[in-house]
Amino acid sequence: MRRYQARWLVPIEGPPVERGAVLIGSDGRIAAAGDASRVPSPPGVAAVDLEEAALLPGLVNAHTHLELTGFEGRNDEPDFPAWIRRIVALKAGRSPGEYRAAARQGLRDCWAGGVTTVADTGDSGAVIAALAELGGSGIAYHEVFGPEPAAAEARFAALVRQVEELRRFEGPRVRLGVSPHAPYSVSGPLYRRVGAWAREQGLPVAVHLAESVEESRLLERGTGGFAQAWQARGIPLPDAACSPVVWLDRHGVLGPRTLCIHLVQAGPADLDLVAARGAAIAHCPRSNRRHGHGTAPLGAMLERGLRVGVGTDSVASVAPLDLMADLAAARRLANLGAERALRLVTLEAAEALGLGTEIGSLRPGKWGDLAAFRLPGPVDSARLADTLVSRTRADVVLTVLGGREVWRAGDGSARPE
């Protein structure tokens with residue numbers, strides 16, 4: 001058991017508590033949270049007073065590529081199709097051991113930024129292995145690629161084999177999903193096969209969707225950089241003449257367990273369709289800006305009641321991973337109040353991943369995940385939320401995952417126990 005207290009406790013599901021505390025049981029779940037004077041302090045239980053800090057639920061990063069850790073600054077291609085080709089080349093030069101080391105470092109980097117749960121996509125299998133090995137929390141969506149319709153069955157069969165092999169890493173806090181990568185890298189038949197199989201298996205799905213103008217041009221008109229790349233490889237262009245969102249829906253991919261990553265090029269009808277299917281969204285504002293994709297309609301998403309979480313994307317796009325920096329960008333884009341903004345990296349992000357009953361707020365029974373942020377000085381309740389949304393990864397003083405300290409400022413590494 002452990003007991004943490006600080007100047008402010010921010011439970012998310014309820015108002016902030018001045019001089020609050022959290023008691024985490026031996027099972028790693030929250031036993032009590034609230035006013036420090038009312039939270040038990042059992043004899044012999046380690047007690048930590050974080051003093052002038054704010055205790056929040058551990059942050060939830062709705063989109064990462066932790067296997068790409070180490071690729072920062074190695075891809076400055078301004079053209080998105082060319083950027084994708086460069087990433088493919090970089091990945092081809094990385095060994096399995098290097099992937100595993102990158103995933104482990106990426107997970108520790110998340111902990112250093114107050115993030116305790118990640119929604120990760122990748123095709124090496126290294127991230128789910130790292131989550132299991134280091135005692136992490138998250139969903140690892142295993143990617144499948146294949147724009148050639150004739151190869152759909154072979155690609156699908158390979159995915160099934162890989163998923164079955166990776167299931168050994170699943171646990172109470174480590175879940176496996178699938179990710180048919182994007183409309184510019186997956187054929188219609190492969191989308192249909194993966195979507196149907198994921199529903200049968202109860203697997204969550206993540207897909208990069210409506211990210212770039214080039215993706216929309218490919219499906220709507222059969223033009224642009226991706227279309228040219230397909231033609232150069234002798235791949236028949238999709239018979240779509242519709243938006244990427246409609247294209248995925250035609251192939252049975254959208255549903256309540258689908259996470260739509262980016263959705264920058266999404267109009268009102270697209271958002272209505274996503275809402276009708278009950279799908280969720282991972283919003284990555286800094287990555288969208290870095291690649292020149294434009295501004296995702298975050299305000300319109302939230303107005304429709306869509307489940308949205310903020311994500312960082314990979315260090316190959318924006319480095320370092322700083323979920324609070326992405327939160328600040330999202331807040332500006334949608335003119336959000338500070339309290340609502342905080343929910344996009346805590347409870348609402350958890351709900352977008354289907355994990356809202358387990359994480360995202362400091363409520364008894366949920367996992368004991370905490371992120372403690374250093375405050376710049378005395379802060380009253382009226383200014384607390386605004387102060388917190390201005391914090392960055394540099395302000396994290398402690399990260400706790402299921403009652404286990406995995407990061408403490410000054411250590412520079414995870415803290416195995």
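The chain folds into 15 helices and 16 strands. Its radius of gyration is 21 Å, close to the 22 Å that the globule rule gives for 417 residues, so the chain is as compact as a globular protein of that length. This is a predicted model. Along the principal axes, the C-alpha atoms fill a box of roughly 70 × 40 × 40 Å.

Of the 417 residues, 60% are buried. Among contacts with a separation of 6 or more, 69% join residues 24 or more positions apart. The accessible surface comes to about 15600 Å². Carbon and sulfur atoms hold 49% of that surface.

The largest nonpolar core has 94 residues. Val-178, Leu-209, Leu-263, Met-301 and Leu-388 have the most contacts inside this core. Helix H3, residues 126-134, gives the most to the core, with 7 residues. Take Val-178 as one example. Leaving aside residues up to four places away in sequence, Val-178 touches residues including Tyr-141, His-142, Leu-159, Trp-197 and Pro-204. A second, separate core has 17 residues, among them Leu-259, Ala-349, Ala-352 and Leu-355.

Finally, helix H1. This helix spans residues 80-92, 13 residues in total. From first C-alpha to last, H1 reaches 18 Å, close to the 18 Å expected at 1.5 Å a residue. Asp-79 caps the N-terminal end of H1. One of its side-chain oxygens lies 3.0 Å from the backbone nitrogen of Ala-82. Ala-82 is itself among the buried residues of H1, as are Phe-80, Trp-83, Ile-87 and Lys-91. The cover over these buried residues includes helices H2, H6, H7 and H10, along with strand S8.

Methods:
Residues are numbered from 1 along each chain as its sequence is written. This is a predicted model: local features need pLDDT of at least 70, side-chain atom pairs count only at pLDDT 80 or more; totals for chains, interfaces and linings use all residues. Side-chain values use heavy atoms; hydrogens and water are left out. Helices (H or I, at least four residues) and strands (E, at least two) are DSSP runs, numbered from the N terminus. The expected span of a helix is 1.5 Å times one less than its number of residues. Buried means under 20% relative accessible area, exposed over 50%, partly exposed in between (1.4 Å probe, protein chains only). Contact means heavy atoms within 4.5 Å. A polar contact is a pair of N or O atoms within 3.5 Å; within protein, one must be able to donate a hydrogen and the other to accept it, and residues adjacent in sequence count only if both atoms are side-chain atoms. A nonpolar core is a set of buried Ala, Val, Leu, Ile, Met, Phe, Trp, Tyr and Cys residues joined through side-chain atoms within 4.5 Å. The radius of gyration is taken over C-alpha atoms; the globule rule is 2.2 Å times the number of residues to the power 0.38. Accessible areas come from the Shrake-Rupley method with a 1.4 Å probe; for residues, only the protein chains shown count as cover.
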